[in-house]
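My entries are kept in the order in which I looked.

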Amino acid sequence: MILRTAEPLRSIVGRARPCRRAPAEVAAIAAAGGGGAEAIEVAVLAAAPGVATADLAELGAEVLERRGAEPILRDQVTERGDAFPACCCTSVNEVAIHGVPGERSLVDGDLLSIDVACRLEGWCADAATTVGVGRLDPSRRRDRQRTPPEFQSGLWDRDLPALA
């Protein structure tokens, strides 16, 4: 979803009108989402102690390339003015969001968030998940269980009006 406004989301959602999509458009949107979902799934399955976050990002990039999807995050200009180097964000433990994949190796008990955004045939998809690496300490497991449902299942999975 692309918002071209500086208004808070709440003020936009209240005024939004649902838009209808043709079956072909729905299929194209699903294809874009499927690319992002597969990239996340491949990275999650590979996430294990000793694996570098850059390796997970490379696996995700391979999926997107195979599907013909453009990784939206790669080469986006950051607040510091440099280009984001990967197709996805990998945030570990204390990094809340938008972690840059690199040489950091995962360890037993890490909490890993992977965020992938891609474009396929003009349609954009953005998805993320958070998983535990190896064996989670019971307190970490409780932290993940306390996460509000909106963050576990995705805010946009809720029945909100479409933004046209």
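The entries below concern a predicted model.

**Entry 1. The nonpolar core.** I began with the largest nonpolar core, which has 30 residues. The members that touch the most others are L56, L64, C88, L106, L112, I114 and V116. Strand 3 gives the largest share, six residues. In soluble globular proteins, nonpolar side chains tend to be buried together.

**Entry 2. I114.** I looked up the contacts of I114, leaving aside residues up to four places away in sequence. I found I40, A43, V44, C88, C89, A127, A128 and T129.

**Entry 3. S113.** Strand 3, residues 111-120, also holds S113. Is S113 buried or exposed? Its relative accessibility is 19%; the cut-off for buried is under 20%, so S113 counts as buried. The side chain of S113 makes a polar contact of 2.6 Å with the side chain of T130. Beyond four places in sequence, S113 touches C89, T90, S91, T129 and T130.

**Entry 4. Helix 2.** I checked the span of helix 2: its 24 residues reach 34 Å from first C-alpha to last, close to the 34 Å expected at 1.5 Å a residue. I listed its buried residues as A28, A32, G35, G36, E38, A39, I40 and A43. These buried residues pack against helix 3, strand 3 and strand 4.

**Entry 5. Salt bridges.** How many salt bridges does a search of the whole structure find? I recorded seven.

- E38, one of the buried residues of helix 2, forms a salt bridge with R67, with the closest N and O atoms 2.5 Å apart. R67 lies in helix 3 and E38 in helix 2, 29 residues apart. R67 is partly exposed, at 34% relative accessible area.
- R119 and E70 meet through their side chains in a salt bridge of 2.9 Å, N to O. R119 is in strand 3 and E70 in strand 1 (residues 70-71), so this pair ties together parts 49 residues apart in sequence. R119 is partly exposed at 31%, and E70 is partly exposed at 40%.
- E94 and R104 form a salt bridge at 3.2 Å, N to O. Both residues lie in the loop between strand 2 and strand 3, ten residues apart. E94 counts as exposed at 60% relative accessibility, whereas R104 counts as partly exposed at 36%.

Definitions and conventions: Residues numbered from 1 in each chain as written. Predicted model: local features only at pLDDT ≥ 70, side-chain atom pairs only at ≥ 80, totals over all residues. Heavy atoms only, no water. Helix = DSSP H or I, 4+ residues; strand = E, 2+ residues; numbered from the N terminus. Buried < 20%, exposed > 50% of the residue type's maximum accessible area, 1.4 Å probe, protein only. Polar contact = N/O pair within 3.5 Å; in protein donor to acceptor, adjacent residues only side chain to side chain. Contact = heavy atoms within 4.5 Å. Core = buried A, V, L, I, M, F, W, Y, C linked by side-chain atoms within 4.5 Å. Expected span 1.5 Å × (residues − 1). Salt bridge = Lys/Arg side-chain N within 4 Å of Asp/Glu carboxyl O.
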